[in-house]
Amino acid sequence: TAPGPRSYTTLRDEAVKLFNSLQQLESERDPVPLMQGVLQTCLDLPPLVDEIYCQLVKQTTEPPAPGGQGDLHYWQLLTCMSCTFLPSPPVLRFLRFHLDRTENRLPASEMAKYACFIREALRKTKGRECVPSLEEILVLMQRQEMICTVHCPGAPACSVAISSHTTAEEVAQELVSRLGLSQSPNLFALYEQSRRREQPVGSATLLADVLTRFE
């Protein structure tokens, strides 16, 4: 099941716990669950979003082993953060300066590639209903897109590449074009179906959030 509401203590205590999680992230062999836990805490406690952004900028500034496993784990979490939350304007300016500095100092490096990806993501991110699924985190760590399978009545299932920012309306429009229905007077929408119910997906809904709910 997708991460749900948790019991939290004070913001100060939770900030300390998140800091400890970031320290653990550096040596974690499977960082995905830990990353998702950090993201879930930030979703539940929005005042901590800026704190985590600042901590990640600090951790990726002149690390002891640039490009090492620990450094890349921090960049990967920063990538997931950028596709989930927008920081406050002052922190956003600070973050963009950090991204520019990284690309200038370490051109063509993995860190510079993450910095470029993050900058583009921040231009599109508007906020999420759910934190990224485990699958989404894995593809974000590789700076790739997810493949979403959509079942179409009277036609074969279609595979669609989506990002963290792709809406249901964008996917519906792509499928209408693929199936040659652009001139049809009918309206088209995506539906999500589970064992208990079937319901339309709102046009502005992010497909990544729908996938997280299924997870």
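## Close-up views of a predicted chain

**Figure 1. The whole chain and its surface.** The accessible surface of the chain comes to about 11900 Å², and carbon and sulfur atoms hold 52% of that (Shrake-Rupley method with a 1.4 Å probe; for residues, only the protein chains shown count as cover). A word on ground rules: this is a predicted model, where local features need pLDDT of at least 70, side-chain atom pairs count only at pLDDT 80 or more, and totals for chains, interfaces and linings use all residues. Residues are numbered from 1 along each chain as its sequence is written, and side-chain values use heavy atoms, with hydrogens and water left out. Nine helices and four strands make up the count here (DSSP runs numbered from the N terminus: H or I of at least four residues for helices, E of at least two for strands). In sequence order they read α-α-α-α-α-α-α-β-β-α-β-β-α. The radius of gyration is 19 Å, close to the 17 Å from the globule rule for 215 residues, so the chain is as compact as a globular protein of that length (taken over C-alpha atoms; the rule is 2.2 Å times the number of residues to the power 0.38). Along the principal axes, the C-alpha atoms fill a box of roughly 60 × 40 × 35 Å.

**Figure 2. T79 in helix α4.** T79 sits in α4, residues 69–82. T79 is buried, with a relative accessible area of 0% (buried is under 20%, exposed over 50%, partly exposed in between, with a 1.4 Å probe and protein chains only). Skip the neighbours within four places in sequence, and T79 is in contact with Y114, F117, I118 and L140 (contact means heavy atoms within 4.5 Å).

**Figure 3. M111 in helix α6.** Look for M111 in α6, which covers residues 110–124. M111 is another buried side of the story, at a relative accessible area of 6%. Leaving out residues up to four places away in sequence, M111 touches P66, G67, D71, L72, W75, T102 and L106. Its C-alpha atom is 24 Å from that of A161, 50 residues apart along the chain.

**Figure 4. L175 in helix α8.** Helix α8 spans residues 168–178 and holds L175. This leucine, L175, is buried at 5% relative accessible area. Beyond residues up to four places away in sequence, L175 touches V150, C152, C158, V160 and L190. Y191 is 16 residues from L175 along the chain, and their C-alpha atoms are separated by 13 Å.

**Figure 5. Two loop residues with positive phi.** E62 is in the loop between α3 (49–59) and α4, and its phi is near 50°, a positive value in a residue other than glycine. E62 is exposed, with a relative accessible area of 65%. A108 belongs to the loop between α5 (89–105) and α6. Phi of A108 is near 70°, again positive in a residue other than glycine, and A108 is exposed at 73% relative accessible area.

Figure 6. UniProt, in an unreviewed entry, places "domain: FERM" at residues 146–215 (positions are in the numbering used here, feature names are shortened, and annotations may be inferred rather than shown by experiment). The end C-alpha atoms of residues 146–215 lie 14 Å apart, and the span is 27% helix and 23% strand. UniProt also lists "domain: Ras-associating" (unreviewed entry) at residues 144–215. For residues 144–215, the end C-alpha atoms lie 19 Å apart, with 26% helix and 22% strand.
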